[in-house]
Amino acid sequence: MPHLLHIDSSIRVEGSVTRALSARAAEVWRAAHPGGTVTYRDLGASPVPHLDTQGGLARNIPAEQHTSAQAASWKLSEQLVDELKQADTILLGLPLYNFGAPSSVKAWVDHVVARGLSVDSESGEGLLARRELIVLAARGGGYAPGSPRDGWDHAQLWLPHGLSLTGLEPRFIVAELPLAEGTPAMSELIPLARESRADAERAVDSLWKPAAMAA
């Protein structure tokens, strides 16, 4: 039975572009996979803890030597990786904060990149390959090639590298300029913002064929 892992990370609830796009993608996936199951994780509302001095070294110490804090940290990594292993498709809502990924997403990545769980301990081979990872991204301004901030979107640059050891390869669908609607200084960019949002929604809608069409 096909299984979807749906992850949001925006700290906004109302008005979040990434939440809207990921919800739309989840609806399209459900229509294409009747009877499929879904696991939902909200890193914006319930972030996983960052690796710290108490538990973070669990990834470098044999399990039988773990302190209680390290054992708890490792157990959470096992849970997060298991969610990925159970999924055929993963949706990740990814807003751009201060030109990078939300810290909650970095903490999630730090937990799921773990030898013995998502990376083979001996060969170094990623154990999460051949899963579909769709990233629904939004960035408030313009970062297109040739724009003044071309190359400043470090979230999209970083995530493929951050997950590379696991074998996951993200595909990005991006909506640009959503801040134009509420920012007077950006009002002339509203048509571009609406076009970018519409392009992203069309890309989402074409991700999977509905079951009736696929038959």
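How do the residues of the lining of the largest cavity divide into nonpolar, polar and charged? In this predicted model, local features need pLDDT of at least 70 and side-chain atom pairs count only at pLDDT 80 or more, whereas totals for chains, interfaces and linings use all residues. Residues are numbered from 1 along each chain as its sequence is written, and side-chain values use heavy atoms, with hydrogens and water left out.

The lining of the largest cavity comprises eight nonpolar residues, one polar and two charged (Ala, Val, Leu, Ile, Met, Phe, Trp, Tyr, Cys and Pro count as nonpolar, Asp, Glu, Lys and Arg as charged, and the others, Gly among them, as polar). On a 1 Å grid over the protein atoms alone, a cavity is a set of points where a 1.4 Å probe fits but cannot get out, and lining residues have an atom within 4 Å of a point. The structure holds one cavity of 30 Å³ or more, and the volume of the largest cavity is about 50 Å³, a volume being the space filled by probe spheres set on grid points that are joined across faces, edges and corners. Among the residues that line the largest cavity are Leu94, Arg139, Asp153, Gln156 and Phe172. At least two lining residues are supplied by each of β3 (89-95), β4 (132-139), α4 (154-162) and β5 (170-176), where helices (H or I, at least four residues) and strands (E, at least two) are DSSP runs numbered from the N terminus; the largest share, three residues, comes from β4.

The largest pocket, a pocket being an open set with protein on both sides within 12 Å along at least five of seven lines, has a volume of about 650 Å³. Of its 29 lining residues, Arg139, Gly140, Gly141, Pro178 and Leu179 lie nearest its centre. The lining of this pocket divides into 14 nonpolar, eight polar and seven charged residues, and its largest share, three residues, comes from α5.

Helix α1 (residues 17-32) packs against helix α5 (residues 190-205) at an angle of about 25°, with the axes 9 Å apart, the axes being lines fitted to C-alpha atoms over the stretch in contact and the angles running from 0 to 180 degrees between N-to-C directions. Helix α1 is therefore roughly parallel to α5, a term that applies to angles under 35 degrees. The contact (heavy atoms within 4.5 Å) involves residues including Leu21 and Arg24 of α1 and Arg197 and Glu201 of α5, and by class it has seven nonpolar, no polar and four charged residues.

Technical notes. Parallel < 35°, antiparallel > 145°, perpendicular 65-115°, else oblique.
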